[in-house]
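Hello,

I am passing a structure on to you, and my notes on it follow below. Have a look at it on screen while you read.

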Amino acid sequence: MERGPTEWFPARRGVGPWEEEHPGQPRPSDERYDPELLDGGDSRNVVDAYRYMTRDAIVADIDTRRHELHIAIENFENDANIGTVVRTANAFAVATVHIVGRRRWNRRGAMVTDRYQHLLHHDSVADLMAWAREQDLTVVAIDNTPGCVPLETAELPRRCLLLFGQEGPGVSEDAQQAATMTCSIAQFGSTRSINVGVASGIAMHAWIRQHADLRNAW
Ligand SMILES: C[S@@+](CC[C@H](N)C(=O)[O-])C[C@H]1O[C@@H](n2cnc3c(N)ncnc32)[C@H](O)[C@@H]1O
């Protein structure tokens, strides 16, 4: 069966040295390939198309098809979910992930995907909003507060910055005031909200469904 670069079967962690994996085939010699990985194998969590490639080469390749979608997350209380948001942003080739507030964030959930993702820090919501204005990006907050627009039927702008809040306080009052609109994800159970990592995946995918060119997907 034909398989794509994000379908791993049989399950395996990475690939061995080039000579073992490709017996008799010449080694790639261009500078995009890392001699150490070619010698020792590549166990990184990257799609097969990026095996043995340097980090810079991978970032440069993703850069050719990054979306006009930016993600921001407020980080005033060191939310452990930020890593999940970054990993999901990487999967959807988001332009940049913006961390607002504290500079330090818990990288565990990112599973090293932050190495291939452009990240930018802003001290405050005001700084983020000024940056977004300069870049002609429309800021859409994502939260389930009164008066929100349902994400399920909202038309998201193409040049878009989706802004997420933290576990507990949610998107700050200042940020919601400054955003063009706040979109909510419909819920039907008893919980007041869903995990921000999950919410970010749903919202990013809503943008992808409206604006991405699926011919560029793996
Ligand atoms: C766990 S929520 C906390 C805030 C929430 N307003 C509350 O009352 O509990 C953390 C973040 O996840 C996102 N989120 C969670 N559930 C959501 C929903 N149903 N709709 C939109 N965003 C949601 C938002 O970005 C929110 O700021």
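Predicted model: local features only at pLDDT ≥ 70, side-chain atom pairs only at ≥ 80, totals over all residues.

Residues are numbered from 1 along each chain as its sequence is written.

Now for the chain as a whole. Its C-alpha trace spans about 65 × 35 × 30 Å along the principal axes. The protein chain holds seven helices and seven strands, and from the N terminus on the elements run α-α-α-β-α-β-β-α-β-β-β-α-β-α. Helices (H or I, at least four residues) and strands (E, at least two) are DSSP runs, numbered from the N terminus. Of the 218 residues, 33% are buried. A residue counts as buried if 20 or more other C-beta atoms lie within 10 Å of its own, as exposed if 12 or fewer do, and as partly exposed in between, with C-beta atoms placed from the backbone. Among contacts between residues at least 6 apart in sequence, 71% join residues at least 24 apart.

Next, the sheet. It is an open sheet of seven strands in the order β3-β2-β1-β6-β4-β7-β5, with parallel pairing; two strands pair if DSSP finds at least two bridges between them. At the edges are β3 (119-122) and β5 (149-150), each pairing on one side only.

Four of its five residues are buried, so β4 is mostly covered. Five bridges join β4 to β6, which run parallel, and V139 has L161 as its bridge partner in β6. With β7 (residues 181-184), β4 (residues 138-142) pairs in the parallel sense over three bridges. In β7, the bridge partner of A141 is T182, and that of I142 is C183.

Helix α4 (residues 82-91) lies across β1 (69-75), β2 (97-101) and β6 (160-164), and runs at about 175° to β1. Axes here are lines fitted to C-alpha atoms, for helices over the stretch in contact, and angles run from 0 to 180 degrees between N-to-C directions.

There is also a ligand to look at. Of the 19 residues around the ligand, G165, G170, I185, S193 and V196 come nearest. A residue is near a molecule if its C-beta atom, placed from the backbone, lies within 6 Å of it. The shell around the ligand divides into seven nonpolar, nine polar and three charged residues.

Finally, a few loop residues. Y52 sits in the loop between α2 (35-40) and α3 (55-63) and has a positive phi of about 70° although it is not a glycine. Is Y52 buried or exposed? Y52 is buried, because 24 other C-beta atoms lie within 10 Å. V112, in the loop between β2 and β3, also has a positive phi, near 70°, in a residue other than glycine. V112 is partly exposed, because 13 other C-beta atoms lie within 10 Å.

N45 lies in the loop between α2 and α3. With 12 other C-beta atoms within 10 Å, N45 is exposed. Not counting residues up to four places away in sequence, N45 touches M111 and V112. N45 and L161 are 116 residues apart in sequence and 27 Å apart in space, C-alpha to C-alpha.

Terms used:
Contact = placed C-beta atoms within 7 Å. Nonpolar A, V, L, I, M, F, W, Y, C, P; charged D, E, K, R; others polar.
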